[in-house]
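Hi,

Here is the structure I promised to pass on.

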Amino acid sequence: KTIVIATRNPGKAKEFTKIFAEKGYHVKTLLDYPELPDVEETGKTFEENARLKAETIAEILKQPVLADDSGLIVDALDGRPGIYSARFAGEPTNNAANNAKLLHELTGVPKEKRTATFHCTLVFAAPDKESLVVEGEWSGEIGTIPRGDHGFGYDPLFFVPEEQQTAAELSDERKNEISHRGKAVAKLRDQWENWLKN
Ligand code: ITT
Ligand code: NA
């Protein structure tokens, strides 16, 4: 059993590989298909961008494809970087520069105003089917110093009050249990095998 995920983000690829391995699926990502095009994310919402990625690649491969569009919504920044999280500090994605820019923009903002939410929209597309869409969110606070070396992206700055740790200090297993992506995958699990059959 193989599942194709339309991502070139190595951090996402690693999380999905682990999540689906537990369900008996082997994950392939676009890192395994270097010949496939980069899908331009021209949408205005997470769902539009996830649809673009999943539906374009499903059409090319003629098989079911899952895509993830995700990002960090920071309240003190009126929701930025949001759908632009990967390219906050410019293209190509530079996680260190993104984190530095986030800290810089929050200079002087007190702890109680540093609330933020990770969002994940997953779209599962297959040729000649209406796509399946699920989402998950995870609330936290933006710290002032990066902590931890697990995970990827903004994880070292995303403090989770319930755990008293940043997302990058959590084990990979724990992050997958409680993260925006983990929650979205849990919803998908309830629906996708039926959806694939119909
Ligand atoms: P693909 O489109 O190829 O999947 P991408 O990195 O461009 O890769 P997105 O457009 O969905 O994907 O951008 C998501 C960005 O949001 C990602 O690069 C991180 O900066 C951030 N992000 C999403 N989920 C995250 C997580 O679990 N931990 C840390 N940062 C995350
Ligand atoms: Na992207």
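Below is what turned up around the ligand and the pocket.

Before anything else, keep in mind that this is a predicted model.

Let's start with ligand 1. It sits in the largest pocket, with 20 residues around it. The ones that come nearest are Thr7, Lys12, Lys53, Asp155 and Lys175. Sorted by type, the shell around ligand 1 has nine charged residues, seven polar and four nonpolar.

The side chain of Asp155 places a polar atom 2.7 Å from a nitrogen of ligand 1. Lys175 also uses its side chain, with an N or O atom 2.7 Å from an oxygen of the ligand. Arg8 instead uses its backbone, where an N or O atom lies 2.8 Å from a ligand oxygen. As for cover, ligand 1 would expose 610 Å² if taken alone, and the protein buries 93% of that.

Which element gives the most to the shell around ligand 1? That's strand E3 (65-74), with four residues. Helix H5 (180-197) also supplies at least two.

Now the pocket itself. It holds about 960 Å³ of space and is lined by 33 residues. Asn9, Lys12, Glu41, Ala86 and Thr93 lie nearest its centre. E3 turns up again here, giving the largest share of the lining with three residues. Helix H1 (10-21), helix H3 (95-105) and H5 each bring at least two. By type, the lining splits into 12 charged, 11 nonpolar and 10 polar residues.

Cheers

Terms used
Residues are numbered from 1 along each chain as its sequence is written. Chains are lettered from A and ligands numbered from 1 in the order in which they are written. This is a predicted model: local features need pLDDT of at least 70, side-chain atom pairs count only at pLDDT 80 or more; totals for chains, interfaces and linings use all residues. Side-chain values use heavy atoms; hydrogens and water are left out. A residue is near a molecule or strand if one of its heavy atoms lies within 4 Å of it. A polar contact is a pair of N or O atoms within 3.5 Å; within protein, one must be able to donate a hydrogen and the other to accept it, and residues adjacent in sequence count only if both atoms are side-chain atoms. Accessible areas come from the Shrake-Rupley method with a 1.4 Å probe; for residues, only the protein chains shown count as cover. On a 1 Å grid over the protein atoms alone, a cavity is a set of points where a 1.4 Å probe fits but cannot get out, and a pocket is an open set with protein on both sides within 12 Å along at least five of seven lines; lining residues have an atom within 4 Å of a point. A molecule sits in a cavity or pocket if more than half of its atoms lie within 2 Å of its grid points. Ala, Val, Leu, Ile, Met, Phe, Trp, Tyr, Cys and Pro count as nonpolar, Asp, Glu, Lys and Arg as charged, and the others, Gly among them, as polar. Grid points are joined across faces, edges and corners, and a volume is the space filled by probe spheres set on the points.
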